[in-house]
Amino acid sequence: MEITKEYIEKNLEKTQLAVNSVEVLENGEKLFDMIERYVSDAAYFLEKENLVSALGAVEYAHGLLDAGVYMKLFKIRKNEGLFVFGTV
């Protein structure tokens with residue numbers, strides 16, 4: 001698979017939509033802050049054309065979102081299809 005700027009932009013957009021689709025519950029603030037930082041890092045790396053780091057950061061952010069949902073630190077408010085555990 002070739003990593004392209006367009007692929008990362010699509011994933012970054014999807015992850016940002018997922019970030020905006022959850023409610024942070026009790027004890028989820030630290031994890032949510034970390035997720036936002038990874039999303040920001042991904043955008044920075046993309047801007048610098050460091051595609052490997054951008055992809056790693058955005059995928060890690062989305063994985064942490066899924067983990068937060070699974071651990072009941074976040075509640076999905078919309079766009080359930082963006083989450084692995086959307087039906088939990």
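**Exercise 1.** At what angle do helix 1 (residues 5-19) and helix 3 (residues 51-70) pack, and how far apart are their axes? Work out from this how the two helices are oriented, bearing in mind that the model is predicted.

*Solution.* 
- Step 1: start with the geometry. Helix 1 and helix 3 pack at an angle of about 25 degrees, and their axes are 10 Å apart.
- Step 2: angles under 35 degrees count as roughly parallel, so helix 1 is roughly parallel to helix 3.
- Step 3: Helix 1 and helix 3 cross in a left-handed way.
- Step 4: look at who touches whom. Helix 1 contributes residues including Ile8, Leu12 and Val19, while helix 3 contributes, among others, Leu55, Val58 and Leu65.
- Step 5: sort the contact residues by class. The contact of helix 1 with helix 3 holds 11 nonpolar, three polar and three charged residues.

**Exercise 2.** Now turn to the other partner: describe how helix 1 packs with helix 2 (residues 29-47).

*Solution.* 
- Step 1: the packing angle of helix 1 and helix 2 is about 155 degrees, with 11 Å between their axes.
- Step 2: angles over 145 degrees count as roughly antiparallel, so helix 1 is roughly antiparallel to helix 2.
- Step 3: the crossing of helix 1 with helix 2 is left-handed.
- Step 4: on the helix 1 side, the contact is made by Lys5, Ile8, Glu9, Leu12, Thr15, Gln16 and Val19; on the helix 2 side, by Phe32, Ile35, Val39, Ala42, Ala43 and Leu46.
- Step 5: by class, the contact of helix 1 with helix 2 has nine nonpolar, two polar and two charged residues.

How values were computed. Residues numbered from 1 in each chain as written. Predicted model: local features only at pLDDT ≥ 70, side-chain atom pairs only at ≥ 80, totals over all residues. Heavy atoms only, no water. Axes fitted to C-alpha atoms, helices over the stretch in contact; angles between N-to-C directions. Helix = DSSP H or I, 4+ residues; strand = E, 2+ residues; numbered from the N terminus. Parallel < 35°, antiparallel > 145°, perpendicular 65-115°, else oblique. Left-handed = near helix turned anticlockwise from the far one by under 90°. Contact = heavy atoms within 4.5 Å. Nonpolar A, V, L, I, M, F, W, Y, C, P; charged D, E, K, R; others polar.
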